[in-house]
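These are my notebook entries on a single structure. I record below what I looked up, entry by entry.

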Amino acid sequence: MANEVFLTKEGYKELEQRLDYLKTTARVDVANKIEVARSFGDISENSEYDAAREEEALVEQEIQQITNTLRNAKIITKVKTDNGKVTVGCTVELLDLEYKDELTFKIMGSFESDPTKGLISNESPLGKALIGKEKGDIVEVVTPQNIEKYKILSVKA
């Protein structure tokens, strides 16, 4: 799959629920807003109508995006680290070689990433650098300011 999106089972289910909400509740709400706005008369200068049509476009766009994401989703199931290599779904402990800080990250798909919670995307610069590496490897991440170096301390499922 060229556009693979990695999701946990929970993330997939969350997207399915959002899609269901958009197709049922949100579409109906927007249709009602459009109908009410039409009742105000001339739609050529009707800001309520324009706003409702814009909201409709946003709902339809989100439906399309979620549909495509689900179509291209690859569910992260049991993580295989028996070869010791970093893959999506692994938890990686790193040593920042410049500041000597120990950091722990879980590699996720971009949809579920949240760096503030230690969940980094496999598509982020650090995530890309870590994929395929193993315990003891030194990884370099190019940032706008410099090159950051990390040593992989452990790789866990």
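I count two residues as in contact when they have heavy atoms within 4.5 Å. I worked from a predicted model, in which local features need pLDDT of at least 70 and side-chain atom pairs count only at pLDDT 80 or more, while totals for chains, interfaces and linings use all residues. Residues are numbered from 1 along each chain as its sequence is written, and side-chain values use heavy atoms, with hydrogens and water left out.

**Entry 1: the helix pair.** I took helices (H or I, at least four residues) and strands (E, at least two) as DSSP runs, numbered from the N terminus. I then looked up how helix H1 (residues 9–38) meets helix H2 (residues 47–71): their axes come within 9 Å and cross at roughly 160 degrees. The axes are lines fitted to C-alpha atoms, for helices over the stretch in contact, and the angles run from 0 to 180 degrees between N-to-C directions. H1 and H2 are therefore roughly antiparallel, a label given to angles over 145 degrees. I noted the crossing of H1 and H2 as left-handed, meaning that the near helix is turned anticlockwise from the far one by less than a right angle. The residues of this contact divide into 14 nonpolar, two polar and 12 charged. Nonpolar here covers Ala, Val, Leu, Ile, Met, Phe, Trp, Tyr, Cys and Pro; charged covers Asp, Glu, Lys and Arg; the others, Gly among them, are polar.

**Entry 2: the loop between the helices.** I found Asn-46 in the loop between H1 and H2. Is Asn-46 buried or exposed? Asn-46 counts as buried because its relative accessibility is 4%; the classes are buried under 20% relative accessible area, exposed over 50% and partly exposed in between (1.4 Å probe, protein chains only). For polar contacts I used pairs of N or O atoms within 3.5 Å; within protein, one must be able to donate a hydrogen and the other to accept it, and residues adjacent in sequence count only if both atoms are side-chain atoms. The side chain of Asn-46 reaches the backbone oxygen of Ala-37 at 2.7 Å and the backbone nitrogen of Glu-48 at 3.0 Å. Not counting residues up to four places away in sequence, Asn-46 touches Ala-37, Phe-40 and Gly-41.

Entry 3: I placed Glu-93 in strand E3 and noted it as partly exposed, at a relative accessible area of 24%. Which side chain forms a polar contact of 2.9 Å with that of Glu-93? The partner is Lys-156; the two residues are 63 apart in sequence, yet 8.5 Å apart from C-alpha to C-alpha. Beyond four places in sequence, the contacts of Glu-93 include Leu-103, Thr-104 and Ile-152. I next looked up Lys-100, in the loop between strand E3 (91–96) and E4. Lys-100 counts as exposed at 55% relative accessibility, and its phi is near 60 degrees, a positive value. Most residues other than glycine have a negative phi.

Entry 4: I located Asp-114 in the loop between strand E4 (102–108) and E5. Asp-114 is partly exposed at 23%, and a polar contact of 2.5 Å joins its side chain to that of Thr-116. Ser-121, in strand E5 (residues 119–121), counts as buried at 9% relative accessibility. A polar atom of the Ser-121 side chain lies 2.8 Å from the backbone nitrogen of Glu-123. Sequence neighbours up to four places away aside, Ser-121 touches Met-108, Gly-109, Ser-110, Ser-113 and Gly-127.

Terms used
Parallel < 35°, antiparallel > 145°, perpendicular 65-115°, else oblique.
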